[in-house]
Amino acid sequence: MARFLKSRKNLVGQAPGAMTFIGRKKMEKPRFRIMSYDEKNFREKETVDAASMLTHLQKNAVNWINIDGLHDHKEIMEVGMAFNLSPLVLEDIVNTDQRPKVIEDDDNLVVFLKQLTYEASDHSVHADQITLILGENYVISFQEEVGAFFNTIRERMRQNVGKIRTSNSDYLFYRIIDTIADNYMLCIGAIGELVEENETNILKNVNKEIIGKIYNHKQEISFIRKAVRPAKDVTKSLKNAESKLIHESTRPYINDLDDILIHSMETIEIYYTMIGDQLNLYNTNLSNRANDVMKVLTIFAAIFIPLTFIAGIYGTNFDNVPELHYKYSYFIMWGVMVTLAIVMLLYFRRKKWL
Amino acid sequence: MARFLKSRKNLVGQAPGAMTFIGRKKMEKPRFRIMSYDEKNFREKETVDAASMLTHLQKNAVNWINIDGLHDHKEIMEVGMAFNLSPLVLEDIVNTDQRPKVIEDDDNLVVFLKQLTYEASDHSVHADQITLILGENYVISFQEEVGAFFNTIRERMRQNVGKIRTSNSDYLFYRIIDTIADNYMLCIGAIGELVEENETNILKNVNKEIIGKIYNHKQEISFIRKAVRPAKDVTKSLKNAESKLIHESTRPYINDLDDILIHSMETIEIYYTMIGDQLNLYNTNLSNRANDVMKVLTIFAAIFIPLTFIAGIYGTNFDNVPELHYKYSYFIMWGVMVTLAIVMLLYFRRKKWL
Amino acid sequence: MARFLKSRKNLVGQAPGAMTFIGRKKMEKPRFRIMSYDEKNFREKETVDAASMLTHLQKNAVNWINIDGLHDHKEIMEVGMAFNLSPLVLEDIVNTDQRPKVIEDDDNLVVFLKQLTYEASDHSVHADQITLILGENYVISFQEEVGAFFNTIRERMRQNVGKIRTSNSDYLFYRIIDTIADNYMLCIGAIGELVEENETNILKNVNKEIIGKIYNHKQEISFIRKAVRPAKDVTKSLKNAESKLIHESTRPYINDLDDILIHSMETIEIYYTMIGDQLNLYNTNLSNRANDVMKVLTIFAAIFIPLTFIAGIYGTNFDNVPELHYKYSYFIMWGVMVTLAIVMLLYFRRKKWL
Amino acid sequence: MARFLKSRKNLVGQAPGAMTFIGRKKMEKPRFRIMSYDEKNFREKETVDAASMLTHLQKNAVNWINIDGLHDHKEIMEVGMAFNLSPLVLEDIVNTDQRPKVIEDDDNLVVFLKQLTYEASDHSVHADQITLILGENYVISFQEEVGAFFNTIRERMRQNVGKIRTSNSDYLFYRIIDTIADNYMLCIGAIGELVEENETNILKNVNKEIIGKIYNHKQEISFIRKAVRPAKDVTKSLKNAESKLIHESTRPYINDLDDILIHSMETIEIYYTMIGDQLNLYNTNLSNRANDVMKVLTIFAAIFIPLTFIAGIYGTNFDNVPELHYKYSYFIMWGVMVTLAIVMLLYFRRKKWL
Amino acid sequence: MARFLKSRKNLVGQAPGAMTFIGRKKMEKPRFRIMSYDEKNFREKETVDAASMLTHLQKNAVNWINIDGLHDHKEIMEVGMAFNLSPLVLEDIVNTDQRPKVIEDDDNLVVFLKQLTYEASDHSVHADQITLILGENYVISFQEEVGAFFNTIRERMRQNVGKIRTSNSDYLFYRIIDTIADNYMLCIGAIGELVEENETNILKNVNKEIIGKIYNHKQEISFIRKAVRPAKDVTKSLKNAESKLIHESTRPYINDLDDILIHSMETIEIYYTMIGDQLNLYNTNLSNRANDVMKVLTIFAAIFIPLTFIAGIYGTNFDNVPELHYKYSYFIMWGVMVTLAIVMLLYFRRKKWL
């Protein structure tokens, strides 16, 4: 299956608002989790359907609704209606091949992002779509898959550490995006370390596995870039957004997000260039090796072919070859041959082939 | 015939408004189809001339006029006059080598696009020009060729599924462009899959068909890009258009179109880069193979040329070659030769040529 | 002489307004042609000096003054004074190495362009400067050389076909630029066809003429681009110009011009990329051929060098070589040799070198 | 450890404002230095904790507070509170992998930069983060490491040379950045000199150390660029900043800074291109060498293989080889061989292989 | 010494306004020349110090002060004070590694440019800094070196030819810049001609001098670009400058300057691309040659190695080799050999290796 573009065959000609799940794999059941908090109170519930989850919504608190698993369209639609989401947004939540983007409407600020996970076992990066919806007193997050991704945030909320419990929904919203962005950095760093490690091997080694590795790194970096580049546009939009949902006190944090993503993109570009350099270096080494092989061949050929020729001369069966009958001819021939060989070796040494 | 630029020889110096058909192939007869609908009523007619088609136009309904086949200029002109189209627009409809673009005038919003079709048999992509004209209560679509392209939309209209029958002409207009854009994604995905499939073959294989394939993919991607890039400009224009013909309720859909086309372009770029990498990889493999060939040659030469030389020495006919007469000389020679060969093999193994 | 930059040695330090002709070749005499027309009347005169030409100017009609040949500065200056052209403009008309540009002053809109002609005989493109001056009731065109370039327009004017005779001077102005732009398309198409033709040859062929051809095409495309790129800036300026000399009714035509030039530039870029691909393909083929040559060499060497060695062994003159005296030794040797050769051939076949 | 991206593993999910030091190495103790001055007075103190340092702060003078060593968060936070710095800024001061940037708030103008030091011993460049905070009557500088970096400025202040003592805090602020920028130029110049030196070696030499050197230079230039490019954005921001902290009299100096950084970037790009050229040149030389090796091989093979063949012919033991019995056959053979060899040599000379 | 960045070692940490001369070479004494003119009068004086030069300044005339030689800081400073130049500007005049730029203050418009001189003897281009200061009734020009650069202008002034004597100081200012720009064109043209000349040699020739030449041209073009690119920014700034020192009548001339510099940059880019193509072409030719060498080797080896093998067979000393005793064996062997050689030659001819 194409990795860079999820198959859309069954989408052509469909009405927008028709929700088709095209994600990586389906969980058996979606899972709903709601956390309602203010400075003093904190409630946490986990349910298996939208309806019962919605009953736990607190009017005077900030609510974080997290939905894991997107294939049950009925449930998603129920959430959508409760929070006044447009059909287009619902479609995009479910169709998980969206380009990261921001959609702003009257009640909500919707952000589509990719969350990246680095698989250490095979040095690969995977992407899952995450949709964040910021409302007056709620944040909704839709994830393709259950993950331990935001556990640090949740733990800090439960233990009331940091600013989240004393802030509005927009700060939580920021914290979630910040976690995603930090993770981009982690992934870039992980691939980057592999790239930098390769650096030293490449000058010594020209076996074919290295070339495969280099192209692998290139593809992973390219895959990360596909997620990060539009994410940079997202943070830029957020930075410039005039939505009343983002309070003045949260603005500096959003600006900081933007800096992190610019930094990410620049680092990606640097690794991209490094990989390009490694490929060139590999090819140069290959040529160097080819030259070495050829030199060995040429030295052997240039020394022994003339000597064999001389031996061949005195292997002829002419009746009259005067040299054959002189007593020391054979030794003289050896002398000539050794001299010739030494001369050739000196010549090649002067040419720096030896 | 040049594929990337249709021949224009007979156009130079011609007055604008002079209509010259330069399309791919001509149908025998153009076909006119008109569908008039509102929420309750739906009428559909097919005629062979413009005049009779125009009699079916409904004032109080939305009319979708579809014209297949563009070589009969008289008919096209008749349609043009009925809907107040400028001569320049009519010329561009017929001259099917237009760059995708938007033209806005008082009564109409005219959009020129390419519709792409992927030919699975030879993995190629073809482009036909489609012109869409949005008016107050009508959409006109001009196609070079009859195709099943919009059948899904038509079927949904007939069965009154979805929002079309309850919306204005601008929503139909959007749906047609959306179908075209979805098709871009399909074509990109089809070529993209071929590109990604190639990936694994390339590391193992250096036969010459692969290089042909890679360049084929490159050209198809390039061909798709030629259609998609200006289409992105079109959707951007529509997004920013202030035409009163596009109602506020349709705006979010238009914005979504723009996102799809940006996504398309980014995916195209990624495949472009991948193809470039494949070419480099192919060349690197070629060099690797050349090195392998050379190593084989060098190993054979370096081992056997010296041995042959030794044999040559004792094939000389000198009267006085003391070694020849010693009883075990021949076996000693064999011993020396085998030793030499083994030394060479060890040397080459240490050099990792074996 | 440098083709991409006409020699300017004698211009340094000269005052502006000093007119120096640096064009391709000089006609013996400049030629002046004036056509005055309105809907009903049409007069055409040809003279050899500016003064007599100016007497034919019609106040109440549109006048098209065409001057072929730019080396007679006195005549050019006379025209300049009659139409109030600034010395800088006059200098630029004569110094035919101007970058295409627009100059707007109170009375005139001056456009400098290159007109391209494709020489089918040697597949090359030539550029001549053309200067167009739009005034209230006149268009003046300065050409380096007499050409049949605008004959189609003239013929249509004489026979009163099309809109020219019924329109203002700005429409004629547009038609002249349109003809030039159409010609760009023709030149691009002509070179483009050569480029596309090459495509198929390149996979089969690596003779050295092809590489020369490819670089030729590249240079011609590059030469065309040098003319078209700034022309695009010119049409963009015209599109955005607020000059009262361009009437509202002519605006859509000017916009269309801009589209044609954008289309031209995009096509140029596509062919540029194709040429780059062809060069890479050529180089890849070259490597493929080198590999083939090396394989042939290696196969011959690897098979016959060991066999020759064996023969050499039994050509030695040792007194005691037991094998020599066995009756079937010679045939056994043959058997060993044939076996060895077959083994090698199978080995090379498995390696896909055969 | 990844050089281009400091490890951030322990940062993910952390709250902003949580200060984690990720710098190069830790000093045992941070060092605080405060210099208070106006035109007449100058006081200088060095302390080991923030509290005692703050007691030396002069209200009516300009204060330059320099902090070397950033791992003691408690102390940093104390400084932060004294000058009303936001937690985000404090975090960024300590987390020394910030992209250079400007943060403006009500009381302070905060600038994050990299200071580069060129290590002559191994031709490498190191970067340390420096944070500058401009307030009404103070400048605070945070450095990762103690360095002699700003000693020239300090010496001039002590001796009351130049404009610093008679100017406001913004001039000191400018002077510090100017010193950093001058140092960029120094680093670029140092690497640049190595690059230009290489130029001449490269045409003569193809040993493998040179290729390593070239890639080293590339990486150092790339490393410098990583610091300078965002610094250019910083100076541009300062140029356009409307902060009341920068007085009109200091503006021209800030503009000058911007010019220096544009100049730096352009020089970096030139060296980048030069390095690219050197790599290509190296590869071209490699091919040239390969050709030379092959020519030697071919000449030896082409001359001696046919001669050996001839000798082989007369080494055959056929009963009836008439030539063998002619008295001068052997000498004739020599004659033929020498002639053949000369013909071959002439042929190769004509081909310019000799 | 680094050519692309003059050494700045002794500048780091220095106060701005400290003037350090880092130019190419020092003249023994600076030279001051003052020309005062209006339509009727013209006075010209040459002095060796600033003070006496300043006494010749005419209030009611335009004064052109030219200073050759910049190492005597005291004199420069005296001029600076007389015309109210800021210390920063004075520093930049003397420190001759400035990036071309414009500085505008209340009384003066200061322009820093490079003047290029083409050294025909070694095909190299040199750059010297020139600083131009435009005031109400004066133009001051600072040059690193005495040169005949502006002699054409001076001669025209003395003989009262052209517009200078009748115009304000801004026209003189324009004329000086125009002369510099014309000289850019000359330098580009000179190198360009060398580049175009190379074109034809490159297809025929692969000797190593050509590769050196190509890189030389590249570096000269790169050097020119370093001066011209920022000069384009300068003319653009002048075009948009709102300084009251530039009168309306001089504006069109300034616009023309801008066009010349855009044209220069475009031509530079074209030559840059051409050089890149030449390098690729050279490398392709190199590969072609390598293939040719290999073909020669392979043909010799493939023909003679099998033949030598055959001869070797009949050189063996087996007791029983039946063929040896047949009377015509030797001649049959010759026949087989010749046939084999012909077959091989035909095979290679069919492969187009011959």
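How many residues does the contact take from chain A and from chain D? Here are a few friendly notes on that and on some other features.

1. This is a predicted model, in which local features need pLDDT of at least 70 and side-chain atom pairs count only at pLDDT 80 or more, while totals for chains, interfaces and linings use all residues. Residues are numbered from 1 along each chain as its sequence is written, with chains lettered from A and ligands numbered from 1 in the order in which they are written.

2. The contact draws 53 residues from chain A and 49 residues from chain D, where two residues count as in contact if their C-beta atoms, placed from the backbone, lie within 7 Å. On the chain A side, α4 (151-158), α5 (169-204) and α7 (251-313) each give two or more residues; helices are DSSP runs of H or I, at least four residues, and strands are runs of E, at least two, numbered from the N terminus. The largest share, 29 residues, comes from α7(A).

3. In chain B, seven strands form an open sheet with mixed pairing, in the order β2-β1-β3-β7-β6-β5-β4; strands pair if DSSP finds at least two bridges between them. Because β2 (42-47) and β4 (101-104) of chain B are edge strands with a single partner strand each, one side of each has no neighbour in the sheet.

4. Val102(B) has Val111(B) in β5(B) as its bridge partner.
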